[in-house]
Amino acid sequence: MRNDASHAALSDAEELGHEARAGREDHAMLKLWLRMLASTTQIEAEIRRRLRERFGISLARFDYMAQLYRYEEGLKMRVLSRYLMVTGGNVTGLTDELERDGVVGRAHSPDDRRSWIVSLTPKGRASFEAMAKEHEQWILEMFSGLDMKTVKQMHAQLGQLRVHVMRSEPSGEEG
């Protein structure tokens, strides 16, 4: 795999990143893992940079707003925390900041007064829509080197990988 054209181009550009950890003798699956990790890291860094530069917002805030955008009626903070795969404390901190900025509001849950439901304000919805439109274009731009057949194949295969990993995880254990 080290003799593929992409490895040579990445090496010449000093952009191997995580792939630099792999040696000639390493298993193809380890090399694939490192390439996936390097690709994800590189794309995420570019998205973070663009969000910060264009909108003055962090990826965490963008992801938070993206989840709420899907649920116009709002979400309980506990559910939002699960969707974002972060702790309740992280969600509380982001909620406090975004509420101060006027992009989210919170109200007591009608069925559980101990729970808060957070939702985007009209200002938050409008702000997110503008960001999401540009974000989508950035993703399309970054993936434009792949044909649609390849994109669909990779999506299906990565889905299979996720299901396999999920099924092989010991139940009840967290890492």
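Visitor: Which elements do the buried residues of α4 pack against?

Guide: This is a predicted model, and in it the buried residues of α4 pack against α3, β1 (75-76), α5 (88-100), β2 (104-109) and β3 (112-120). Helix α4 covers residues 77-84, and its buried residues are M77, V79, L80, S81 and L84. After the helix comes M85, whose phi is positive, near 60°.

Visitor: What is the pattern of helices and strands along the sequence?

Guide: The protein chain has 7 helices and 3 strands. Read along the sequence, they follow the pattern α-α-α-β-α-α-β-β-α-α.

Visitor: How are α4 and α5 placed relative to each other?

Guide: A pair of helices is described by an angle and a distance between axes. The angle between α4 and α5 is about 110°, and their axes are 9 Å apart. Angles of 65 to 115 degrees count as roughly perpendicular, and α4 and α5 are therefore roughly perpendicular to each other.

Visitor: Which residues make that contact?

Guide: From α4 the contact uses M77, L80, S81 and L84, and from α5 it uses G88, V91, T92 and T95. The residues of this contact divide into 4 nonpolar, 4 polar and no charged.

Visitor: How should I read a salt bridge between E53 and R49?

Guide: Start with the general idea. Side chains of opposite charge can pair when their charged atoms come close. Here the side chains of E53 and R49 meet in a salt bridge at 3.0 Å, N to O.

Visitor: How far apart are E53 and R49 in helix α2?

Guide: An α-helix has 3.6 residues a turn, so residues three or four places apart point the same way. E53 and R49 are 4 residues apart in helix α2, which means that about one helical turn separates them. E53 is exposed, with a relative accessible area of 61%, while R49 is partly exposed at 32%. Both residues also belong to a network of salt bridges that links E46, R49, R50, E53 and E141. The structure holds 13 salt bridges.

Visitor: Which parts of the chain does the salt bridge between R61 and D101 link?

Guide: The closest N and O atoms of R61 and D101 are 2.9 Å apart. This pair links distant parts of the chain, with R61 in helix α3 and D101 in the loop between α5 and β2, 40 residues apart. R61 is buried, with a relative accessible area of 17%, whereas D101 is partly exposed at 36%.

Visitor: Where do R106 and D96 lie?

Guide: The side chains of R106 and D96 meet in a salt bridge at 2.4 Å, N to O. R106 lies in strand β2 and D96 in helix α5, 10 residues apart. R106 is partly exposed, with a relative accessible area of 22%, and D96 is also partly exposed, at 28%.

Visitor: Is I57 buried or exposed?

Guide: Buried means under 20% relative accessible area. I57 has a relative accessible area of 9% and is therefore buried. I57 is found in the loop between α2 (28-55) and α3 (59-69).

Visitor: What is I57 in contact with?

Guide: Leaving aside its neighbours within four places in sequence, I57 is in contact with L51, R52, F62, M65 and M131. I57 and M131 are 74 residues apart along the chain, and their C-alpha atoms are separated by 9.6 Å.

Visitor: How much of the protein chain is made up of buried residues?

Guide: Buried residues make up 27% of the 175 residues. The protein chain exposes about 12400 Å², and carbon and sulfur atoms supply 54% of that area.

How values were computed
Residues are numbered from 1 along each chain as its sequence is written. This is a predicted model: local features need pLDDT of at least 70, side-chain atom pairs count only at pLDDT 80 or more; totals for chains, interfaces and linings use all residues. Side-chain values use heavy atoms; hydrogens and water are left out. Helices (H or I, at least four residues) and strands (E, at least two) are DSSP runs, numbered from the N terminus. Buried means under 20% relative accessible area, exposed over 50%, partly exposed in between (1.4 Å probe, protein chains only). Contact means heavy atoms within 4.5 Å. Axes are lines fitted to C-alpha atoms, for helices over the stretch in contact, and angles run from 0 to 180 degrees between N-to-C directions. Angles under 35 degrees count as roughly parallel, over 145 as roughly antiparallel, 65 to 115 as roughly perpendicular and the rest as oblique. Ala, Val, Leu, Ile, Met, Phe, Trp, Tyr, Cys and Pro count as nonpolar, Asp, Glu, Lys and Arg as charged, and the others, Gly among them, as polar. Accessible areas come from the Shrake-Rupley method with a 1.4 Å probe; for residues, only the protein chains shown count as cover. A salt bridge is a side-chain nitrogen of Lys or Arg within 4 Å of a carboxyl oxygen of Asp or Glu.
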